[in-house]
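Trainee: Hello! Could you show me how to read the contacts, core and sheet of a protein model?
Mentor: Gladly, let's look together.

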Amino acid sequence: MSLNRSEKEAVISDVTGLAAKAQTLVLAEYRGITVADLTKLRSTARSNGVSLSVLKNTLARRAVAGSGFEVVSDLMTGPLIYGFSEDAVAAARVVADFAKTNDKLVIRGGAYGGKVLDVNGVKQLASIPSKEVLLAQLLGLMQSPISRIARVLAAVAEKNGGAAQDAPAEAVAA
């Protein structure tokens, strides 16, 4: 079914809006995927804040023209699904995880920060831990020296016969 001019302009403006907010774009070929699998992929993407769209490539090229995603215009051939995400790794993670379980979804590439990502680049981006995990790791690193000092002070207090048992608690509180 062909779109008329106003429908095409609406699609271009919608995709331009997605591209303006997004940090990452992932392109994947979906040839041969069943409707049920594609529905499952869309549901997973939606829950992770990723916008998946099946677009005509010419409309997609026009929509990303002038944005940081224009660099992938050469990859826009064949039946593609476009994944946009505001989170830097969400689109790559959703598509790469689905591609692991469904060999008919073939990652073609992507863009992040105005640079083209090949298939391995998308997979590497997908392997970066989530923001929450990175924050937890950072907090663990920051707490490590403090907990070591507390253990050393507790060992010194124990060695001194417990005379300074209140000192480690005061030192940790300070």
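Mentor: Contact means heavy atoms within 4.5 Å. This is a predicted model, where local features need pLDDT of at least 70 and side-chain atom pairs count only at pLDDT 80 or more, while totals for chains, interfaces and linings use all residues. Residues are numbered from 1 along each chain as its sequence is written, and side-chain values use heavy atoms, leaving out hydrogens and water.

Trainee: Which residues does V50 touch, not counting residues up to four places away in sequence?

Mentor: V50 touches A45, G83, F84, S85, A90, A91 and V94 on that count.

Trainee: How do I read a nonpolar core, and which residues have the most contacts inside the largest one?

Mentor: In soluble globular proteins, nonpolar side chains tend to be buried together. A nonpolar core is a set of buried Ala, Val, Leu, Ile, Met, Phe, Trp, Tyr and Cys residues joined through side-chain atoms within 4.5 Å; buried means under 20% relative accessible area (1.4 Å probe, protein chains only). Here the largest has 24 residues, and L41, V50, I81 and L105 have the most contacts inside it. A second, separate core of 18 residues includes L27, L55, A60 and M76.

Trainee: What is the strand order in the open sheet?

Mentor: Strands of a sheet pair through backbone hydrogen bonds, either parallel or antiparallel. Strands (E, at least two residues) are DSSP runs, numbered from the N terminus, and two strands pair if DSSP finds at least two bridges between them. The five strands here run β2-β3-β1-β4-β5, with antiparallel pairing. At the edges, β2 and β5 (115-117) each pair on one side only. Between β1 and β3 (residues 80-85) there are six bridges, and T24 has S85 of β3 as its bridge partner.

How values were computed. Buried means under 20% relative accessible area, exposed over 50%, partly exposed in between (1.4 Å probe, protein chains only). Helices (H or I, at least four residues) and strands (E, at least two) are DSSP runs, numbered from the N terminus.
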